[in-house]
Amino acid sequence: MKTIEVLGPGCNNCKRLEANAREAVAMAGVEAEVVKVTDFAQIMTYGIMSTPGLVIDGKVVSYGRVPSAGDIATWLAEPATA
Amino acid sequence: MLTLRQTRIPFWFAVGVAVVAWLVAWFAAAPLAVWFAFDLLGLQPGTHIGEAVAFFVYDVPKVLLLLLGIVTVVTLIRGFFPPEKVRGALAGRGELAGTVGAASLGIVTPFCSCSAVPLFIGFVEAGVPLGVTFAFLISSPMVNEVALVLLWGLFGPGIALVYMASGLTVAIVGGLVIGRLHMERYVEDYVWALQGTGGASIDMKLTPEDRVRDAWSYTKDLVRRILPYILVGIGIGAFIHGFVPTELVVAIGGPGNPLAVPFVVLLAIPLYSNAAGTIPIVQALLGKGMAVGTTLAFMMAMTAISLPEFIILKKVIKTPLIAAFATIVTIGILMIGYLFNFLIP
């Protein structure tokens with residue numbers, strides 16, 4: 001079971017990222033839960049400044065961009081390194 | 001980087017084809033518009049309806065092409081200037097160099113009002129002075145690529161460059177003034193408490209292909225969202241261009257009306273989210289005799305004075321500092337408006 005966190009207050013790019021993350025879960029065929037993190041104080045603890053950010057199992061994998069569902073699926077398929 | 005995506009045609013070949021198609025469309029737009037309005041529809045040049053239709057069918061493809069082309073290129077370039085890197089460059093500078101640097105970096109750094117808060121906290125955390133941070137917060141939304149592209153395409157390079165210079169000036173002066181006011185106590189306490197938690201920005205190792213794909217997907221999404229507003233805006237602009245009498249526009253928005261500048265600034269506040277659709281209307285008004293300073297003030301107020309952004313900034317700064325920020329930006333815009341109305345009557 002993997003945990004995917006989408007960091008962002010809920011603007012347009014954050015919604016696109018959330019949609020891509022959900023698509024990636026289906027694509028990669030792994031069990032994963034997609035959580036939205038909208039609280040700024042909490043977002044800042046990940047050390048990013050540009051939203052949206054994407055965190056897989058506690059590790060920041062991207063920020064300030066909207067990776068494609070294909071990219072996210074690749075990251076989900078990788079064995080956890082952190 | 002590995003992807004699960006199946007690429008059927010080679011990526012860089014597709015990019016090349018897109019660039020060539022863009023260039024062909026760009027040079028064909030004007031003759032096609034004339035042909036469509038005056039030959040195909042049989043309208044007469046010089047008539048109200050003829051001029052309005054020609055204006056519409058020329059401006060729509062031109063604006064669309066400019067947005068697709070330039071926003072993609074700008075997004076690609078600014079991918080190299082993420083705020084995580086920018087703040088490091090700003091933290092150690094002196095007051096003046098830092099403020100000028102922050103205002104200039106505001107041009108290339110991505111910004112939307114929802115990233116204002118993480119950006120603000122990140123800057124403060126890294127030890128960037130408050131005045132420098134605000135220079136960035138003023139310049140970043142105001143001197144943005146969509147406004148510049150539309151100004152360049154519809155008004156020509158002159159107005160676009162004047163707009164950029166004016167925006168930078170307001171940002172630099174505003175940042176210096178806020179820095180001198182020493183308002184650090186109006187930053188919410190928890191922001192100071194967060195210091196030292198951040199800074200662990202990872203390197204995402206993007207390939208050139210990733211960057212081009214990112215830029216293109218961002219641009220497609222942006223254009224899809226703002227296109228309806230632009231079409232309506234160009235439609236209204238075309239109507240003004242063909243039908244509204246010049247005397248009416250000159251009487252209200254011309255250099256003879258001293259209240260025009262504050263009036264358009266007030267008018268611009270609720271139009272914040274519709275800047276893309278309003279610019280074509282403003283262009284038609286300028287063509288009908290609205291004063292240049294008034295036009296600039298309107299454009300700047302539309303992008304820089306954003307109530308949603310002020311409300312979201314409430315999470316990190318207290319009301320007196322937001323009020324100071326809004327007041328300084330508004331005064332700056334009014335001064336630019338009057339200055340250009342005085343210089344170019």
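Me: How many bridges join S3(A) to S4(A), and do they run parallel or antiparallel?
Reply: Four bridges join them, and the two strands run antiparallel. Keep in mind that this is a predicted model.

Me: OK. What is the bridge partner of Val55(A) in S4(A)?
Reply: Val60(A). Leu54(A) is bridged as well, to Ser62(A).

Me: How many residues sit between S3(A) and S4(A) in the hairpin?
Reply: Two. Asp57(A) is in that turn, with a positive phi of about 50 degrees. That is a positive value in a residue other than glycine.

Me: Zoom out. In what order do the four strands of the chain A sheet come?
Reply: The order is S2-S1-S3-S4. The sheet is open and the pairing is mixed.

Me: Which strands stand at the edges?
Reply: S2 (32-37) and S4 (59-63) of chain A. Each has a single partner strand, so one side of each lacks a neighbour in the sheet.

Me: By how many degrees are neighbouring strands turned against each other on average?
Reply: By 20 degrees, ignoring direction.

Me: Which strands does H1(A) touch when it packs on the sheet?
Reply: H1(A), residues 12-28, touches S1 (2-7), S2 and S3 of chain A. Its direction makes about 170 degrees with that of S2(A).

Me: And H3(A), what does that one touch?
Reply: H3(A), residues 69-77, packs on the sheet too and touches S1, S2, S3 and S4 of chain A. The direction of H3(A) makes about 25 degrees with that of S3(A).

Me: What pattern does chain A follow along the sequence?
Reply: It reads β-α-β-α-β-β-α. That is three helices and four strands.

Me: What is the radius of gyration of chain A, against the globule rule?
Reply: It is 11 Å, close to the 12 Å the rule gives for 82 residues, so chain A is as compact as a globular protein of that length. The C-alpha trace spans about 30 × 25 × 15 Å along its principal axes.

Me: Backbone check. Which residues does the cis peptide bond in chain A join?
Reply: Thr51(A) and Pro52(A), with omega at about -5 degrees. Pro52(A) is in the loop between H2 (40-44) and S3 of chain A.

Me: Switching to chain B. How many helices and strands are there?
Reply: Chain B has 16 helices and zero strands.

Me: What is its radius of gyration?
Reply: For chain B it is 22 Å. The globule rule gives 20 Å for 345 residues, which is close, so chain B is as compact as a globular protein of that length. Its C-alpha trace spans about 70 × 60 × 30 Å along the principal axes.

Me: Helix pairs next. At what angle do the axes of H3(B) and H4(B) cross?
Reply: Roughly 160 degrees, and the axes come within 9 Å. H3(B) covers residues 83-91 and H4(B) covers 95-108. The two are therefore roughly antiparallel.

Me: Is that crossing left-handed or right-handed, and what is its hand called?
Reply: Right-handed.

Me: Which residues meet there?
Reply: Val86(B), Ala89(B) and Leu90(B) come from H3(B). They meet Gly98(B), Gly101(B), Ala102(B) and Leu105(B) of H4(B). By class, the contact has five nonpolar, two polar and no charged residues.

Me: How far apart are the axes of H13(B) and H14(B)?
Reply: They are 11 Å apart, at an angle of about 175 degrees. H13(B) and H14(B) are therefore roughly antiparallel.

Me: And which residues meet in that pair?
Reply: On the H13(B) side, Ala275(B), Thr278(B), Val282(B) and Leu286(B). On the H14(B) side, Thr295(B), Phe298(B), Met299(B), Met302(B) and Thr303(B). That contact has six nonpolar, three polar and no charged residues.

Me: Last pair. At what angle do H12(B) and H16(B) pack?
Reply: About 135 degrees, with their axes 9 Å apart. H12(B) and H16(B) are therefore oblique to each other. The crossing is right-handed.

Me: Which residues make the contact?
Reply: Val261(B), Pro262(B) and Val265(B) from H12(B). H16(B) supplies Thr330(B), Ile333(B), Leu334(B), Gly337(B), Tyr338(B) and Asn341(B). The classes are six nonpolar, three polar and no charged.

How values were computed. Residues are numbered from 1 along each chain as its sequence is written. Chains are lettered from A and ligands numbered from 1 in the order in which they are written. This is a predicted model: local features need pLDDT of at least 70, side-chain atom pairs count only at pLDDT 80 or more; totals for chains, interfaces and linings use all residues. Axes are lines fitted to C-alpha atoms, for helices over the stretch in contact, and angles run from 0 to 180 degrees between N-to-C directions. Angles under 35 degrees count as roughly parallel, over 145 as roughly antiparallel, 65 to 115 as roughly perpendicular and the rest as oblique. Two residues are in contact if their C-beta atoms, placed from the backbone, lie within 7 Å. Ala, Val, Leu, Ile, Met, Phe, Trp, Tyr, Cys and Pro count as nonpolar, Asp, Glu, Lys and Arg as charged, and the others, Gly among them, as polar. Two strands pair if DSSP finds at least two bridges between them. A crossing is left-handed if the near helix is turned anticlockwise from the far one by less than a right angle, and right-handed if clockwise. The radius of gyration is taken over C-alpha atoms; the globule rule is 2.2 Å times the number of residues to the power 0.38.
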